[in-house]
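Good morning, everyone, and thank you for making time for this. I would like to walk slowly through one structure with you, so please have it open on your screens as I speak.

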Amino acid sequence: MEMAVLTAGIPVLGICYGQQLIAHLLGGDVRPGDKGEFGLALLDLTGEESDLLRGVADHQQVWMSHRDKVAAPPAGFRILATTSTCDTGAIEDSARRIYAVQFHPEVVHTTEGMRILRNFLFDICGCEKDWNAGQRIPLVEDLIRQRAGDRNIFFFVSGGVDSTVAFMLCLDALGSDRVRGVYVDTGLMREGETEFVRQTFGAFGLIRIEECEEEFLAALEGVREPELKRHIIGEQFVKVQERIIHEMGLLSGRWILGQGTIYPDTIESGGTAKAATIKTHHNRVPGIQKLIESGHIVEPLADFYKDEVRAIGRELGLAPQLLERHPFPGPGLAIRCLCAEEDQPFTRMPDGYLLPVRSVGVQGDSRSYAPVLAIEAFPSAGARLQDEATELVNRSRGVNRVIARVASRESLEHQQVFASTITHGRVALLRRADAVVRELSRDSEFDKEVWQFPVILIPAGHGEARDSVVLRPIQSVDGMTADSVTMPDELLREMARRLMEIPEIAAVYYDLTHKPPGTIEWE
Ligand code: XMP
C-alpha cells in the first residue's frame, strides 16, 4: 500500500515518521539516533535547490519529536536541511516528487511551517489557493444522496453546531420530506434551549421533541458522584433513544442514521478522544449499533474541522448566533451542579479558605478530585491573579483550583458547604444564574472573547442562601488546555449585582485557574 502511494506519480510529503517510512521503503538507511531530539531545534538549509523549501530562511526554528533518524536517504534524494542532531532534516527527490521532513511543519512552533506546507500544496500539488469548505457543499450533498439511495435520514440533534450543520446539509440534499430529527430534552439544558431547537428545526415539522425531564431527574435522585451522574445520564439516553427508534420504526430498512461527527472526533488523540466517546455514546444503543454495523449511517462532516463546519453552515445560510455557539457538555447542567455528602465548614488557610467541595483537576495525566481554595481578591487586575493562582496550586498540596470571592452576603468565615443533591430547584437556580450570565455576556459581546463560559453552582453559603455561583470564563483552542480569562471590571460588577439579586445565591466567585491544573468543567 505504501509502495503504491510512492510509485503512483503523485506528490508525497512525509512528516517525521513519514520521512523515516519513505526512506525505509525506498532503500535508505533508518536507524536509532544517539540521542533524541524533542522540542525546539534550529534548522540550517544546505543551500540545495528545493521546491519544498523555496523562500524559506537559511536558519529557522522547527519543532522536532524523534529519536530514530534517516542516516542515509534513498538514492535520488538530496539533503536540503540539517540540525545539530539530525543530518537529514529535510530531503527531496524532485524527479519523483517525493519530499520528506523530520520536523513538524504543521505546528505553530515551526516558524516557517505554513510556508513549507503552502509550497507543497500550491506549487508542487497545484491545489486551488482559494479553497474553502463552502465550495464543497455540492460534492458533500452528492455523497449524501448516494449514501441515502431511496432511504430517509434521521438524526438525534443536540442544538450544537455540528449536528445542526450535518442535519441542514442532509435537508438541502434530500428535501424536507426525507430528513427527520429527534431532540431529547433532558431537563438539564440551559434556559431557552428547547425553544431554540424548536425554532431552528421546527419550521417544517422536521423535529420531534422528546420531553424527558422527569425521567432524567428521577434517575439522578440522591446521586452525588460526578462520574456516576455521567453514567446515569448516558444510560438514560440509551433508554430514550431505543424507545424512539422502535416507536418511529427506524430499523425498518427505510432509514439511515445521520451524525454530526467532525474530523477531530474521528482521530483518537488529544482533546478529541473525549468528544469521540461522548458522541459515540449514542452508539451504545443496540438499535444504533445495528444501523452502524450494517452501514446505515451517514456522517457528512467527517472530513471537516470545526471552522470549516462553520463555513459550510454560513454558506447554507444558518444564523451566526447558531454557528458561533459555545460548546456545551452532553450531560448538561448536571455536571455544573455540584453536590455534597454532608454539611461541612470552610477551613481557614494561610492564603484563604478551603471549600470542601470536590472539583476536578488535571495534574500529570490523571484527573483528581480536590477541595477548592477561595481567596479574597477582586479579579480585575489583568493576568496577575491568575499567575498567583497557579503559584498557589503549585504550593498547596491537595488543591487544584483557586477562586476569588467577587460578592457575598456573609464573609467567608461564616459560610459552609451544605449536604445536597441534584433537585429540580437547584437545576432551576443554576439555569437562572446561567441565563443572567449569558444575557450580560451576549449584550457586552464578552461571549465573543471566550471559548466557553461555564457557570457552576456549588452548595456553599449561609442561612437560607445555600448555594453560590462560580464564573468560569475561559479561552482555549480545542478544550485540551485553557486559560482563565480576565473579565472587564464593570461587566463583572454588573454580573455579580444581578446574580446577588437572586435570594438563594449566597456568593459569587470567579475561577482563576488555568487548565492544567484545573479542568474547564468542575466535575
Ligand atoms: P474539561 O472539563 O475536561 O472539558 O476540561 C473539556 C471540554 O469537554 C467538555 N466536556 C464534556 N462534553 N460530555 C460532553 O459532551 C461530557 O461529559 C463532558 N465533560 C467535559 C467541556 O465542556 C469542555 O468543552
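Predicted model: local features only at pLDDT ≥ 70, side-chain atom pairs only at ≥ 80, totals over all residues.

Let me begin with a pair of helices, where α5, covering residues 161–174, packs against α12, covering residues 306–315, at an angle of about 45°, and the two axes are 10 Å apart. Because of that angle, α5 counts as oblique to α12. The crossing of α5 and α12 is left-handed. Sorted by class, the contact of α5 with α12 has five nonpolar residues, one polar residue and three charged residues.

The next pair is α15, residues 424–444, and α16, residues 489–500, which pack at an angle of about 150°, with their axes 10 Å apart. How do α15 and α16 run relative to each other? Angles over 145 degrees are counted as roughly antiparallel, and therefore α15 and α16 are roughly antiparallel to each other. As for handedness, α15 passes α16 in a right-handed crossing. On α15 the contact is made by Ala433, Val436, Val437, Glu439, Leu440, Ser441 and Ser444, while α16 contributes Leu491, Glu494, Met495, Arg498 and Leu499. In this contact of α15 with α16 we find seven nonpolar, two polar and three charged residues.

The classes in the contact of α8 with α11 come out as four nonpolar, two polar and one charged.

Which residue has a positive phi although it is not a glycine? That residue is Cys16, with a phi of about 55°, and you will find Cys16 in the loop between β1, residues 12–15, and α2, residues 17–25.

One joins Lys515 and Pro516, with omega about -15°, and another runs from Pro516 to Pro517, with omega near 10°. Pro516 lies in the segment after β23, which covers residues 505–511, and Pro517 is found in the segment after β23 as well.

Finally, a word about empty space. Rolling a probe the size of a water molecule over the atoms shows where such space is left. In this model, the second largest pocket holds about 320 Å³ of space. Which residues line the second largest pocket? They are Pro105, Glu106, Val107, Val108, Thr110, Thr111, Gly113 and Met114. This lining divides into four nonpolar residues, three polar residues and one charged residue.

That is where I will stop, and I am happy to go back to any of these places with you.

Conventions. Residues numbered from 1 in each chain as written. Heavy atoms only, no water. 1 Å grid on protein atoms, 1.4 Å probe; cavity = no way out; pocket = protein on both sides within 12 Å on 5 of 7 lines; lining within 4 Å. Points joined across faces, edges and corners; volume = space filled by probe spheres on them. Nonpolar A, V, L, I, M, F, W, Y, C, P; charged D, E, K, R; others polar. Axes fitted to C-alpha atoms, helices over the stretch in contact; angles between N-to-C directions. Helix = DSSP H or I, 4+ residues; strand = E, 2+ residues; numbered from the N terminus. Parallel < 35°, antiparallel > 145°, perpendicular 65-115°, else oblique. Left-handed = near helix turned anticlockwise from the far one by under 90°. Contact = heavy atoms within 4.5 Å.
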